[in-house]
Amino acid sequence: MVPGHMEMACHLLESCLPASGSDSCQWLLSDGRFQGSRWQPFGCMMHTYGGSDARSCMHSISYWKGRNHIVFMGDERMRQLFIEFIALIDGDGSSELTDGHDSVIPLEMKSYQYENYTNRPVDYSEYHEHYEQAAIGLYTEFLYYPFLNEQYRDKLKELECLNHKSRVTSLVTGLALSEIPLPNVHDEGGDMKQLNSRVEKWNLDFEEAAKILENISAADTNVVWNLQEPVLNVSSPANEAIDRHNRAALEQFESSKVRLWKTTRLITQIFQWNSTLHNQTEHFELDSQILLNYLCNGNMYYQDGTCCTTTEKPTLLQFMTIVIFVMCISLCVIMFVVCWRDVKEVKTTAGSAVVDSTKTKVYHTRNIEATWKVSLFEIFRGFSRIGIIVGYAFLCDRTTFFMKENKNYTNLNFGFPLAYVILIGLFWAKDSEHTSILHRDQTDEWKGWMQIVILIYHFTGASRVLGVYMFVRCLVTAYVFLNAYGNFMYSWNTGDYSVHRYFTVVVRYNLLVICLCMVMNRPYQFYYFVPLITFWYTVMYLTAALWPRVNSHCVEKSLTRLWYLILKLIILLALITLLSSYEAIFEKIFSANPLKPLYITRENTVLDWKFRWSIDRYSSLCGILFAVFVVLAQKYNIIQDKDNESSLFRHDAVFWLAILFSLFSIVGYALVMLFMCDTKEQCNVIHPYISCLPVVGYIFLRNLAGPIRTLYSPFFAWFGKFALELFVVQYHIWLAADTHGILVLVPNHPVLNVAVTTFIFVCAAHELHAATKQVTNYLVPNTWIGLIKNIFIFCSIMVPVAIYSGAFDM
């Protein structure tokens, strides 16, 4: 756009900004910006339609409305939009544009003199075109009416008078350019008086046409008026006339059912300003995508397209859950007012400390002593904190109160925040008081930086890059590996295989997810990582807890008892391999009640669970085997991790073998993923068999040298302490539309929006970690009677919920 036209566009552009409210159709048609090469509508997500999606949409509209008749009516601009629209729908090139004589009549791009603009009848029917595809129930046509004259209004009246069975379902129209005397006015000294009179005449004619268009829209027809874009390298008076024409349309349709399509003007201005980057064809292709989003999203409900869609109606279960959380908040406030002195004086003992055999880790058991009033208050307070945050999640992701935008992946968008966070983490590095291999500070740090990488991966939509995708898959494997390693080492060192320990861990993992499932109306499998680690923890717990039990105390008495554990792990390996080899058996097991509600998706299949289970099926087993290796290596002094000065291995030969193994495993994994697979599917087949190698390689590199082993980043370790909550809650209060987009709290300011949403998201996750830990202490009491009572209460609540949700339906 030339600089001389900028001032003229300012007033109109202010009028084109979306009004307040939650009309995502208005957002789609009113404003937006380019994110790289992708158009981002204001406040909503735009789905990219291919030929298959577009045809499915047309068929859906025809099915639900009984017909699908789309009319494009106007001048040459509208014809080009019509051509791009049908080219997108009929991607196989079989479209039939006919004039009724089995041939295509090319439309000459004419520049009409204003003097030729009259109300006398002119036959433009030779320029009309239509396209029909009976298979999808679509009939669309282009009606060439370049002037806002009697003929144009008569045609509108004809469309208005059509009966219900033959009515037009969508009308896209808009014109002005052909009526402006472009060849006659070249500068500011032109005949402005004559131009003003012509614009006034157009406004009078437009008022009459607008009444007809409003009547058509009132008859259940989508009517879209396309504003006229400015013209490059044309005199200011001509563009001023265009602005005045558009202003008349704004005043006429701003509060009517006729939709004003304003983004075409904005996109044209951007294209003209960046003429070297865009061309006219791209302009109309983008307009076709916007039009399809307007017409289709409400029928197709694509998860990455929120423009022109309606929010899900809350179910009875959602309503009741929200009511329960509101009651918890109210009772919490009441009890605090009534019992504030008891709450203030509450005393909680830390419990007894259990030191492992290596005297490097201390495990604390809980022993809470409080009055029943304080206990009840603590329970209500914990659920109140959870309720407030999941209520905020509902507001963000299940309403249009806050806006959403598409993800935008670029190498810079992914690499810059990643490098920035890594530098911050390294800056805060310091020595740990622990020196053992995989000590708590180190594992927290590992979980923290892995979780940050996964968050950036999700936020930027980097899954489209195969190398990044496989790297993140390896991080998930590492998390499952660490989870198995940590839980096994706890049981090994403490000998605690109690049911109380099992339910403490399971409730801790799942409490937040269960609340989100009920409030957000999503299946348990939607939060796939929690079912994954819960399942493998259950498998590993049963493997270790079943007789004969093996722990550090019994192995110290007799090393041969270790073979019992190895035998159980071999049997487990055989069962996992067998289950992965026979898909029919796998589906029968996890599709059967009562497991079915835990592993089905909204499509009532276990395919997603099979993929998640299969790709990390050996990760937990590898974590336990590595834990056994560490235990034996410490017992026989192969590993020396008592201080931070010596290397991990006592013998130099083992030290260098460990370095070679680490480099070979990490580089080898990368080379395999780069050269032996070209698609995600191929890489996913190979991944389970070699994914643990780079994990073990990283552990060796991280722990070989004493100073490196004890050095850690408190910044990453802090995030690692509540990594699970970060992973789960990101779905709704940082990302949006079930992770397909991003949440927008500060429109039109992307960097500030990221800062604000990230701050709220991290604070919420940290608070959820504290709240779920607090509530878990009360939900899993130390006594058998209390534990059985709570299990019975939980089942009496969740079984009816599962039945109501249809989870047990065959």
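The model is a predicted one, in which local features require pLDDT of at least 70 and side-chain atom pairs count only at pLDDT 80 or more, whereas totals for chains, interfaces and linings use all residues. Residues are numbered from 1 along each chain as its sequence is written, and side-chain values use heavy atoms, with hydrogens and water left out.

Strand β3 (residues 69-74) and strand β6 (residues 170-174) run parallel and are joined by five bridges; two strands are taken to pair if DSSP finds at least two bridges between them. In general, strands of a sheet pair through backbone hydrogen bonds, either parallel or antiparallel. Here, six strands form an open sheet of mixed pairing, in the order β4-β5-β3-β6-β7-β8. Its edge strands are β4 (129-133) and β8 (259-261), each of which pairs on one side only. On average, and with direction ignored, neighbouring strands of this sheet are turned by 15° against each other, where axes are lines fitted to C-alpha atoms, for helices over the stretch in contact, and angles run from 0 to 180 degrees between N-to-C directions.

Two helices are described relative to this sheet. Helix α4 (residues 76-89) lies across β3, β4, β5 (138-144), β6, β7 (222-226) and β8, and runs at about 160° to β5. Helix α5 (residues 150-160) packs on the sheet and touches β3, β5, β6 and β7, its direction making about 170° with that of β3.

A search of the whole structure finds four disulfides, a disulfide being a pair of cysteine sulfur atoms within 2.5 Å. With bonded cysteines counted along the chain, the disulfides of the protein chain follow the pattern 1-6, 2-5, 3-4, 7-8. One of them is formed by C25 and C308, whose sulfur atoms are 2.0 Å apart. This pair links distant parts of the chain, 283 residues apart, with C25 in helix α2 (residues 24-30) and C308 in the loop between α9 (280-300) and α10 (316-338). Both C25 and C308 are buried, a class defined by under 20% relative accessible area, as against exposed at over 50% and partly exposed in between (1.4 Å probe, protein chains only).

A further disulfide joins C44 to C307, with an S to S distance of 1.9 Å, and the link of C44 and C307 is right-handed, with 90° about the S-S bond. This pair likewise links distant parts of the chain, 263 residues apart, C44 lying in the loop between β2 (38-41) and α3 (51-65) and C307 in the loop between α9 and α10. C44 is buried, with a relative accessible area of 1%, and C307 counts as buried at 0% relative accessibility.

C57 and C296 also form a disulfide, their sulfur atoms lying 1.9 Å apart, and the link of C57 and C296 is left-handed, with -90° about the S-S bond. Because C57 lies in helix α3 and C296 in helix α9, the pair ties together parts that are 239 residues apart in sequence. C57 counts as buried at 0% relative accessibility, and C296 is buried with a relative accessible area of 0%.

Residue R522 is placed in the loop between α16 (499-520) and α17 (529-545), and counts as buried at 8% relative accessibility. Apart from its neighbours within four places in sequence, R522 is in contact with E312, R398, C517, Y527, R602 and D738, contact meaning heavy atoms within 4.5 Å.

Key
Helices (H or I, at least four residues) and strands (E, at least two) are DSSP runs, numbered from the N terminus.
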